[in-house]
Amino acid sequence: MRSVLTAIAFSAATLSPAAANDFAPVRDQQAFLSLVEGRELRLNLFRISIEVLPDGRIEGSALGWDLSGTWDWQDGYFCREMDWSGMEIPFNCQLVEVSPDQRVRFTVDKGDGDSASFRLR
């Protein structure tokens, strides 16, 4: 179960080198909010659907189980902690990037760890 949680908590996404270069960093909280406000972040592989709300809450589901949490913007990074139906997903600050085709990529450990790419709906 821990490995599934790790995968859901923003696992490595398989990207070609060319696709990786299509992403541009989002360093400003207002720019981030303009991307995600009123929209869903979706990762179909794990049936993840997340809303990042302007008031600092995160709501959604993964594999049919509720997901909730809180977030803050710190020094150009999206910092969050979440709970996935009773399983804690620890606090982590993540690099946020956006592609021209409206994908948003989150990379844990301020850009030094695994990443996952979400579609905006």
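Strand E2 (residues 41-43) runs antiparallel to strand E3, and three bridges join the two, where strands are DSSP runs of at least two residues, marked E and numbered from the N terminus, and two strands count as paired if DSSP finds at least two bridges between them. The model is a predicted one, in which local features need pLDDT of at least 70 and side-chain atom pairs count only at pLDDT 80 or more, while totals for chains, interfaces and linings use all residues. Residues are numbered from 1 along each chain as its sequence is written, and side-chain values use heavy atoms, with hydrogens and water left out.

Within this pairing, Leu43 has Ile48 in E3 as its bridge partner. The two strands form a hairpin with four residues between them, and Arg47, in the turn, has a positive phi of about 50°. On to the next strand, E3 also pairs with E4 (residues 57-62), again in the antiparallel sense, over four bridges, and here Ser49 stands opposite Ser61 in E4. This hairpin likewise has four residues between its strands, and Gly56 takes a positive phi near 95°. Strand E3 (residues 48-52) is mostly covered, since four of its five residues are buried, a word that stands for under 20% relative accessible area, with exposed over 50% and partly exposed in between (1.4 Å probe, protein chains only).

## The nonpolar core

In soluble globular proteins, nonpolar side chains tend to be buried together. The largest nonpolar core of this model has 27 residues, and those with the most contacts inside it are Phe32, Leu41 and Phe78; such a core is a set of buried Ala, Val, Leu, Ile, Met, Phe, Trp, Tyr and Cys residues joined through side-chain atoms within 4.5 Å. Helix H3 gives the largest share of this core, four residues, a helix being a DSSP run of type H or I with at least four residues.

What is Leu41 in contact with, leaving aside its neighbours within four places in sequence? Its contacts (heavy atoms within 4.5 Å) include Ile48, Ser49, Ile50 and Val52, and also Phe106 and Phe118.

## Aromatic rings

The structure holds eight aromatic pairs. Rings of Phe, Tyr and Trp (its six-membered ring) pair if their centres lie within 6.5 Å, and planes under 30 degrees apart count as stacked, over 60 as edge-to-face and the rest as tilted. The rings of Phe32 and Trp71 have centres 5.6 Å apart and planes at 70°, so this pair is edge-to-face. It links distant parts of the chain, with Phe32 in helix H3 (residues 29-36) and Trp71 in strand E5 (residues 65-74), 39 residues apart.

Trp71 also pairs with Phe78, and because their centres are 5.6 Å apart and their planes at 25°, this second pair is stacked. Trp71 counts as buried at 8% relative accessibility, and Phe78 is buried with a relative accessible area of 2%. Phe32, Trp71 and Phe78 belong to one aromatic cluster, together with Trp73, Phe106 and Phe118.

## The disulfide

Cys79 and Cys93 form a disulfide, with their sulfur atoms 2.0 Å apart, where the rule asks for a pair of cysteine sulfur atoms within 2.5 Å. Cys79 lies in strand E6 (residues 77-84) and Cys93 in strand E7 (residues 87-98), so the pair ties together parts that are 14 residues apart in sequence. The torsion about the S-S bond is about 110°, so the disulfide of Cys79 and Cys93 is right-handed, and both Cys79 and Cys93 are buried.
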